[in-house]
Amino acid sequence: MYSITRLITVSLFSLFAMLAKGQNNAPEFETGIAAAGSEAFYLGGYSKYRTPISQGKNYFSFGIGMTYYFDFKGESYEKSYLKNDVDVRLIPNVFIAYDVNVKDFNFAIEVPIGASIAITKGTLVNERVNFERSYSNTEILPYFGLGLSARYRLNDYNKIGLYGFLDILKDNAWSPPMTGIGWTRVLK
């Protein structure tokens, strides 16, 4: 499994390097903190690597990303509840984006496609029947939506900005919309 993962990673970065070669626009690495919420409040972060696949002031780019966030609030079910639980979301994805540059601002619209790995662990309690046991659940769900970002260029190598994700597919784990603030490093 490690060999396959390594081969895929090396292949993707080789593809990115080949696509970026000779481009006026440089590859970028973005990282940031994020908050999400619908039925619960999640905190986490995101990281993205993108490379341009066209030239010009406004251009298309391709990238890979990872979003991760956590919720420490107990969940309630009919006549029972979870205590000491942790909900974790890991969201690996690939995306295509269109970037528009206006003076020192960069606006991008992204279409990410990936998987949302929802992991819940805790203790299931039903006080009515004096029942308590460990609970664990993992679901892998499709991840598809629309990402929007607005970034301000501080200098030739750094940008700061806002990122938002709106889910298009509603899944069984209630994946929420996400907002974040991030820092982008231009890899020239």
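The dialogue below takes up strands and then charged side chains.

Me: What kind of model is this, and how are its residues numbered?

Reply: It is a predicted model, in which local features need pLDDT of at least 70 and side-chain atom pairs count only at pLDDT 80 or more, while totals for chains, interfaces and linings use all residues. Residues are numbered from 1 along each chain as its sequence is written, and side-chain values use heavy atoms, with hydrogens and water left out.

Me: How many bridges join strand E2 to strand E3?

Reply: Strands (E, at least two residues) are DSSP runs numbered from the N terminus, and two of them pair if DSSP finds at least two bridges between them. Here, E2 (residues 41-52) and E3 (residues 59-71) run antiparallel and are joined by ten bridges. Within this pairing, Leu43 stands opposite Phe70 in E3.

Me: What do E2 and E3 form, and how many residues lie between them?

Reply: They form a hairpin with six residues between the two strands. Gly56, in the turn, has a positive phi of about 120°.

Me: Over how many bridges do E3 and strand E5 pair?

Reply: E3 pairs with E5 (residues 80-102) over 13 bridges, in the antiparallel sense. Tyr59 is found opposite Asp99 in E5.

Me: How many salt bridges does the structure hold?

Reply: A salt bridge is a side-chain nitrogen of Lys or Arg within 4 Å of a carboxyl oxygen of Asp or Glu. The structure holds eleven. In one of them, the side chains of Arg50 and Glu28 meet at 3.9 Å, N to O. Arg50 lies in strand E2 and Glu28 in strand E1 (residues 28-37), so this pair ties together parts that are 22 residues apart in sequence.

Me: Is Arg50 buried or exposed?

Reply: Buried means under 20% relative accessible area, exposed over 50%, and partly exposed in between (1.4 Å probe, protein chains only). Arg50 is buried, with a value of 4%, and Glu28 is buried at 3%.

Me: Which residues form salt bridges with Glu110?

Reply: Among them are Lys48, with the closest N and O atoms 2.8 Å apart, and Arg50, at 2.4 Å, N to O. Glu110 lies in strand E6 and Arg50 in strand E2, so the latter pair ties together parts that are 60 residues apart in sequence. Glu110 is buried, with a relative accessible area of 1%, and Lys48 is buried as well.

Me: Which residues are linked in a network of salt bridges?

Reply: The network links Glu28, Glu30, Lys48, Arg50, Asp99, Glu110, Arg151 and Lys159.

Note on methods
Helices (H or I, at least four residues) and strands (E, at least two) are DSSP runs, numbered from the N terminus.
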